[in-house]
Amino acid sequence: MNSRFILLLFVMAGLVVAFAPLPVQPITPQERTFRIDARQYAYSPSEFKVNPGDKVNIQLVSTDVVHGLYVDGYDISIEADPGQTKTLSFVADKPGSFRFRCNVTCGAMHPFMIGKLTVGTNNWLYRSIGLAVLAVIGFLPLSSFIPQTKNMD
Amino acid sequence: MKRSELISRILITVAIVSVVGAPLYFWSHTPLIHVHIAEDGGWSPDVIKANVNEPLNLKLTSDDVVHGFAVGQMDMQSVDVLPGKVADVTLNFDKPGIYTFFCTRWCGINHWRMRGTIEVSGSPADPSTSSGQRPEPASVPMYVTLGLDIDAPHDSPSIPFSQPSAINGQQLAVNLPIDRSTEYYLGNSPYQVFDELGSTSLTEIQRWNVVASIWQSNTTPESLANGQHLFAQNCAACHGENGAGNGVFADDLAAADESSMQTMAGSDNMTMQSPVDFTNPTRMLGASPALLQGKILRGGMGTGMPMWGSIFTEEQIWDLIAYLYSFQFDYHN
């Protein structure tokens, strides 16, 4: 077995890990409603997960000043005054992790008022862990084939 | 260069500079009003002087959070005052007097303290409609003419077992000898009307249904919708979106305790009041529209309840009151 064959094997394995289609479990989309309390300068809860295709209703409740909620990637937003709960409804048709943030200047720390919406499982995280493991394993047998530089006496 | 060409070049330059420069000059000479949350000083300046029939130009900018600007009892679109941006407002006053301007976006627990005045002097545009230099006197509110003590307890001694239905009461009310004047409705609490119906042969719930139908006949869907809009914008932050007195600031008010109250004579004899629960029938059914008008006009005098007399028009207050009773009466089916 030469080194080229082993290298080819690992490259093939890497491609499989990176791009192989995963078995898709049939998930029936649901309607999910979240209530998010917004205050200076945090959302509570600040992270939530849905399945792709779910209908998501976000009820934004401001408890001190006017806050907003902008979902990056989906490019949709709402704005809520205290006492006026607003609901943002959308269909989570794009999988991935998306940041949501306040889009109404609400004070000094306003830029740090962020949260995360996760749609579906984070496949790229698991694929990149797999690739890293593969790279470590692959390095061990391949390292013996690396030509050693000879000491020049 | 020909002489005529030189002159035309100078003329064009002067024209362009004056067209662009003159508005810029006036804009830069309009004072900029800085807006902060009430704890940091509110409006600065908070007293503005103006003259009748001269447009008043204002520039507003916020130094912290989102605020809004509107003048009380004036038919105007409120203007959002955003941090880092300058909002332009042009106001026209056709009557002299002192106008109150206020913040229209909830900017914290002391949002309602953000008020300022515009002192408009000069003589009114049309002397025939108004009497000389003096502003028209405000009409005396009904609670004063009726001699109501708006701070006295006004609990209803009896409450219905279920929500009274106006539709069920309508048929019963047809043949009853009821005073259908607006004054009767405004001056009496639902319980008083219920009590007067005791002489009829109706059962208790039927009497309450008749009361609900009387209250419904004194309002319109438009009034209720307007009242609901005003409630959401101005009241819901403390009184709750469903009127139950549990708005997002209710806990903060309780936690702030004395610091959320203001009084001229010291806070010794004051007790902290939580926002009123409009879904509580004992309280609401014992209150007449005139009493509620007094409370809204004057405010809570030291509690967190603002004084709305200089902000809302009389019509807006009646719309709001009609909406408050809809927490007690079923107007739909």
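**Domains and a helix pair in chain B**

Tutor: In this predicted model, the C-alpha centres of domain 1 of chain B and domain 2 of chain B lie 30 Å apart. Domain 1 of chain B covers residues 32-121, and domain 2 covers residues 142-325. Where the two domains touch, domain 1 of chain B contributes 7 residues and domain 2 of chain B contributes 10 residues. The domain 1 side of this contact consists of 4 nonpolar and 3 polar residues, with no charged residues.

The helix pair itself consists of α11(B), residues 289-298, and α12(B), residues 314-325. Two packed helices are described by the angle between their axes and the distance between the axes. Here the axes come within 10 Å and cross at roughly 120 degrees. Perpendicular pairs are counted from 65 to 115 degrees, and α11(B) is therefore oblique to α12(B). The crossing of α11(B) and α12(B) is right-handed.

As for the residues involved, α11(B) supplies P289(B), L292(B), Q293(B), I296(B) and L297(B), which meet I317(B), L320(B), I321(B) and L324(B) of α12(B). By class, this contact between α11(B) and α12(B) has 8 nonpolar residues, 1 polar residue and no charged residues.

Beyond chain B, there is also a contact between the chains, to which chain A gives 14 residues and chain B gives 17 residues. The chain A side of that contact has 6 nonpolar, 6 polar and 2 charged residues.

How values were computed. Residues numbered from 1 in each chain as written. Chains lettered and ligands numbered in written order. Predicted model: local features only at pLDDT ≥ 70, side-chain atom pairs only at ≥ 80, totals over all residues. Domains from an automatic or database assignment. Nonpolar A, V, L, I, M, F, W, Y, C, P; charged D, E, K, R; others polar. Axes fitted to C-alpha atoms, helices over the stretch in contact; angles between N-to-C directions. Helix = DSSP H or I, 4+ residues; strand = E, 2+ residues; numbered from the N terminus. Parallel < 35°, antiparallel > 145°, perpendicular 65-115°, else oblique. Left-handed = near helix turned anticlockwise from the far one by under 90°.
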